[in-house]
Amino acid sequence: MSVEMIPVSSSNVAMVGYDETNEIVHVQFLNGSEYIYKGVPRHDFDGLSNAPSIGSYLNRNYKNVYPYERIS
């Protein structure tokens, strides 16, 4: 499954992507690690991709909210 990744301006995050069918957010960090967050509604992905600070939004709205796993 291939998800279109969008480059973002962040001190920690390189790119984000969204699999609408499965409600999975892909986050690739600048260090090369990639995580997926599961069960994320579209509005929460839009909030992430448009946030003034991607890292802060991720910490505030994703961690301890959505199940996640490191995929690379």
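Start with helix H2: its buried residues are Ile 54, Tyr 57 and Leu 58 (buried means under 20% relative accessible area, exposed over 50%, partly exposed in between, with a 1.4 Å probe and protein chains only). They span an arc of only 100 degrees around the axis, which puts them on the same side of H2; the arc is that of the directions from the helix axis to the C-beta atoms. Helices (H or I, at least four residues) and strands (E, at least two) are DSSP runs, numbered from the N terminus.

Before moving on, note that this is a predicted model, in which local features need pLDDT of at least 70 and side-chain atom pairs count only at pLDDT 80 or more, while totals for chains, interfaces and linings use all residues. Residues are numbered from 1 along each chain as its sequence is written, and side-chain values use heavy atoms, with hydrogens and water left out.

Now show what covers the buried residues of H2: the list includes E2, E3, strand E4 (34-38) and H1. Contact here means heavy atoms within 4.5 Å.

Next, select helix H1, residues 42-49, and pick out its buried residues Asp 44, Phe 45 and Leu 48. Looking down the axis of H1, you will find them within an arc of 100 degrees, so they line one face of the helix. As a reminder, an α-helix has 3.6 residues a turn, so residues three or four places apart point the same way. Among the elements covering the buried residues of H1 are strand E1 (5-7), strand E2 (13-19), strand E3 (24-29) and helix H2 (54-61).

Stay in H1 and zoom in on Asp 44. Leaving aside neighbours within four places in sequence, Asp 44 is in contact with Tyr 57, Asn 61, Tyr 62 and Tyr 66.

Switch to the strands. Five of them form an open, antiparallel sheet in the order E1-E2-E3-E4-E5, where two strands pair if DSSP finds at least two bridges between them. At the edges you will see E1 and strand E5 (68-70), each pairing on one side only. From one strand to the next, the twist averages 20 degrees. H1 packs on this sheet, touching E1, E2 and E3, and its direction makes about 160 degrees with that of E2. Axes are lines fitted to C-alpha atoms, for helices over the stretch in contact, and angles run from 0 to 180 degrees between N-to-C directions.

Select Val 13 in strand E2. Val 13 is buried, with a relative accessible area of 0%. Its C-alpha atom is 6.8 Å from that of Gly 55, 42 residues apart along the chain.

Finish in the loops. Glu 23, between E2 and E3, has a positive phi near 55 degrees without being a glycine, and is partly exposed at 33% relative accessible area. In the loop between H2 and E5, select Asn 64. Asn 64 is not a glycine either, yet its phi is positive, about 65 degrees; at 80% relative accessible area, Asn 64 is exposed.
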